[in-house]
Amino acid sequence: MAAALLADRALPAVTRDVVAGRTVTPEAAGDAVAELLRETTEAVDAAAFLTAVAVTGAGPELVAAAVRAVLAVARPVAWAGPAVDVVGTGGDGSGSVNISTLAGLVAAAAGATVAKAGNRAATSRCGSADLLEALGVELDAGERIPALLAEHRFAFLFTPALHPALRRLAPVRRRLGFRSLFNLSGPLANPVPLTGRLIGTATRRDQEVLAEAAGLLGHRRTWVVHGFGGMDELTTAGPARVLQVDGRNLTESVVDPAQLPLRPAGPAELAGGGPERNAVLAREVLAGTAAAPLLDMVLLNAAAVLSLAGAAPDLPAALALARQAVREGAPAELADRLARDREDQVRDRVRVRDRDRDRFRDLVRDPVRAHTPKEGRHGHAPR
């Protein structure tokens, strides 16, 4: 009983500690975030905590604690095979097309298994979920996620569906109107047990915090990148700083696009729009008909995903693999298969709905006849 009471007081107590600049232990941080995620938590307590953390800045220990708490109440995904994710924190203000989502599709078509986590737009006009929906891809695949990964090597993990506790906090976060702790913890909270991650950040501080948090969580084969010009992607316009995480080992490197056969892309060449506009650009990229600078930007990030998936020995080889997949039309075909898969699921659901409706109608009209086997309805004894 006493322990429960202490846990119930964790959130306001930790909020006061954060405001006062006092050290918060990982255990206390975990208790606070766990309380934050409960249905019974008052909105004012949630808002106070998220505001305090946003003002003072979340450290790696708090981010790692948030990831553990979020995953503890997430819907599990029964997948034991290899899988990588490619995701950004957002907030770079670039207005670019959905590079990471397209990179994930290209990498999957070229041989990686990609469990792409994402959501609808928050700081941009088109989020990964908005784009994939416009392409006809199923967003909430639920229990079918492992089947999609096995059959297509690509599945989308829609954050509100797999993290219902975060969905309950969405009104508070929208009302606050600024980036919160969960913008940092989100890229590390994929419920699939990943074997590799490519995470983009818009600031060097976020990059360092996320890399250290990934190390505290024991993640391996993880690249946390900060792109040239502040983009949360690897960029073809200039060098990107890369923090490579392998458990508690953290090393720094640079990906210089000048060392690779890539054509640089500026903001205008990467500019996106709403879901319909981005879907047009996406189909061009996947078919290999997009303007070279945009296509190469996607290929560079797809190459990083392939490298982290172990599909190629190094980045140049992975880039060649991604480019070959596009030449052969594999990414466009993958997108088409994913869309057909969703159409099949919709037809199946309609068929089941119609069957159940007909059974209910028969039951209402003639309860006895509805429960009689079909063979017996014509005077024949059922076998």
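**Exercise 1. Which residues does W223 touch, not counting residues up to four places away in sequence?**

Solution. The structure is a predicted model, in which local features need pLDDT of at least 70 and side-chain atom pairs count only at pLDDT 80 or more, while totals for chains, interfaces and linings use all residues. Residues are numbered from 1 along each chain as its sequence is written, and side-chain values use heavy atoms, with hydrogens and water left out.

Step 1. Taking contact to mean heavy atoms within 4.5 Å, W223 touches R197, L198, I199, L234, V242, L243, Q244, V255, A304 and L308.

Step 2. W223 also belongs, with L102 and L234, to the residues that have the most contacts inside the largest nonpolar core, a group of 66 residues. Such a core is a set of buried Ala, Val, Leu, Ile, Met, Phe, Trp, Tyr and Cys residues joined through side-chain atoms within 4.5 Å, where buried means under 20% relative accessible area and exposed over 50%, with a 1.4 Å probe and protein chains only.

Step 3. The most is given to this core by helix α15 (residues 292-308), with twelve residues; helices here are DSSP runs (H or I, at least four residues), as are strands (E, at least two), numbered from the N terminus.

Step 4. L50, L62, L210 and A211 are among the members of a second, separate core of 42 residues.

**Exercise 2. Find which residues of helix α8 are buried and how they are arranged.**

Solution. Step 1. Within α8, which covers residues 145-152, the buried residues are I145, P146, L148, L149 and H152.

Step 2. Seen down the axis of α8, these buried residues fall within an arc of 165 degrees (taken from the directions from the helix axis to the C-beta atoms), so they line one face of the helix.

Step 3. The exposed residues A150 and E151 are carried on the face turned away from the buried side of α8, and the helix is followed by R153, whose phi is positive, near 65 degrees.

**Exercise 3. Describe the largest cavity and its lining.**

Solution. Step 1. On a 1 Å grid over the protein atoms alone, a cavity is a set of points where a 1.4 Å probe fits but cannot get out, and lining residues have an atom within 4 Å of a point. The largest cavity holds about 50 Å³ of space, a volume being the space filled by probe spheres set on the points.

Step 2. Its lining consists of V137, E138, R144, L148, F154, A155, F156, L338, D341 and R342, and the elements giving two or more residues to this lining are β3 (154-158) and α17 (330-365).

Note on methods. 1 Å grid on protein atoms, 1.4 Å probe; cavity = no way out; pocket = protein on both sides within 12 Å on 5 of 7 lines; lining within 4 Å.
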